[in-house]
Amino acid sequence: MKLRYLVVLLCLGVGVMAGKYSREMNDHKPSGGDGKTVEFRIAKLNQVWEKAIRMQLPPVRQAELHSDLKIQEKDELQWKKLKAEGLDENGEREAKLRRSFNVILAKYGMDGKKDTRPLESNNLKDHDSREGDMFDDPRLDKLWNKAKTSGKFSEDEMESLKREFQHHKDKIHEYNIVMDTVSRTEEIHKNAISPLEGDVKENVLHQKHTDLKDKMRNLNQGFERLRKLSHEGFSEDSEFREPRVIELWEMARTANLTDDELDSLKEELRHFETKVEKHSHYQEQLELSHQKLRHVEALGDREHIQRNQEKYDSLAEKTREMGYKMKKHMQDLTSKISRQGLNRNEL
């Protein structure tokens with residue numbers, strides 16, 4: 001009798017543990033209304049992801065989109081908790097989330113517009129693309145061509161410089177997207193129905209203009225750094241190599257932090273740079289894996305196709321996961337630097 005009782009307890013224990021791990025697995029991949037597993041817990045993000053798959057975005061772009069959507073999901077779920085506690089009365093955080101979602105749509109060509117944005121007169125780029133233009137911006141192309149023919153850079157340094165230029169190009173594109181959303185918000189603001197609604201929209205509009213000014217200041221500082229780098233080359237005592245890490249370090253150095261805070265942050269940025277480099281390596285491997293898969297598919301060997309598909313799927317999952325962790329880490333570091341600098345200024 002005692003033995004039977006013990007067996008029942010053990011079975012119940014195993015059942016509880018199985019339930020626990022099942023819940024953890026279900027938390028990792030949420031289910032939709034029809035019971036099917038979905039990527040995200042927010043319907044509109046799933047719709048964007050499914051559209052990206054239908055569009056057959058290149059593998060690295062698709063992985064980048066997934067990471068951006070995961071960040072958006074995290075921020076929106078946090079905002080819902082804040083809203084439930086009555087902590088976003090003026091709607092600033094909601095407006096920021098809406099703007100970041102619009103930026104994602106535009107960034108990946110899902111905003112229903114033709115890509116005419118670079119040719120609009122209000123945007124930073126105001127010229128037609130010419131053959132040989134690498135960065136779609138006359139100032140960047142001119143700097144790049146000078147650097148290429150200067151003989152100051154080794155092959156590895158040219159790769160690092162290229163990453164810096166590409167990063168700046170991406171920031172210009174994002175600025176143009178935000179400029180576009182501000183223009184649309186201004187149009188909506190003109191059509192405000194009530195004075196109260198108008199006040200709320202005025203606050204949102206003011207915040208957007210502030211963001212634009214910050215982005216423009218950041219762009220100007222970034223271009224000045226590129227100009228200096230192109231003329232003088234990399235210094236041997238450069239702290240970092242990756243553009244995003246360099247940008248964070250420059251931000252920290254102008255944030256009025258103490259020497260101890262800077263030393264601590266420098267160490268954290270070194271760890272972050274390793275994470276960025278690892279993610280870049282995985283992106284390269286994902287692209288190679290995709291090319292190999294296409295080649296094997298053309299040969300028609302089912303066994304080879306299945307094996308390469310499994311490798312590709314595993315690599316794509318890992319690349320998306322690393323991309324999310326990297327972007328979240330960058331988000332946390334940016335907030336940390338801003339917060340510490342602000343606290344220091346208040347003192």
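Me: Of the 347 residues of the protein, what percentage count as buried?

Reply: Happy to start there: 36% of the 347 residues count as buried, where buried means under 20% relative accessible area, exposed means over 50% and partly exposed lies in between, with a 1.4 Å probe and protein chains only. Please keep in mind that this is a predicted model, in which local features need pLDDT of at least 70, side-chain atom pairs count only at pLDDT 80 or more, and totals for chains, interfaces and linings use all residues. Residues are numbered from 1 along each chain as its sequence is written, and side-chain values use heavy atoms, with hydrogens and water left out.

Me: What makes up the secondary structure of the protein?

Reply: There are 10 helices and 0 strands. Helices (H or I, at least four residues) and strands (E, at least two) are DSSP runs, numbered from the N terminus.

Me: Which residues in α2 meet residues in α3?

Reply: On the α2 side, Lys-44, Leu-45, Val-48, Trp-49, Ala-52 and Ile-53 take part, and they meet Gln-62, Leu-65, His-66, Leu-69, Gln-72, Glu-73 and Glu-76 in α3. Contact here means heavy atoms within 4.5 Å. The residues of this contact divide into 7 nonpolar, 3 polar and 3 charged. Ala, Val, Leu, Ile, Met, Phe, Trp, Tyr, Cys and Pro count as nonpolar, Asp, Glu, Lys and Arg as charged, and the others, Gly among them, as polar.

Me: How do you know that Lys-44 forms a salt bridge with Glu-76?

Reply: A salt bridge is a side-chain nitrogen of Lys or Arg within 4 Å of a carboxyl oxygen of Asp or Glu. The closest N and O atoms of Lys-44 and Glu-76 are 3.0 Å apart, and the pair forms a salt bridge. Lys-44 in helix α2 and Glu-76 in helix α3 are 32 residues apart, linking distant parts of the chain. Glu-76 counts as buried at 7% relative accessibility, whereas Lys-44 is partly exposed at 30%. By this rule, the count comes to 23 salt bridges.

Me: What separates Lys-325 and Glu-321 in helix α10?

Reply: Lys-325 and Glu-321 are 4 residues apart in helix α10 (residues 302-346), so they are separated by about one helical turn. They form a salt bridge, with the closest N and O atoms 3.1 Å apart. Lys-325, at 45% relative accessibility, counts as partly exposed, and Glu-321 is partly exposed at 35%.

Me: Which residues are linked in a network of salt bridges?

Reply: Glu-64, Asp-68, Lys-107 and Lys-327 are linked in such a network.
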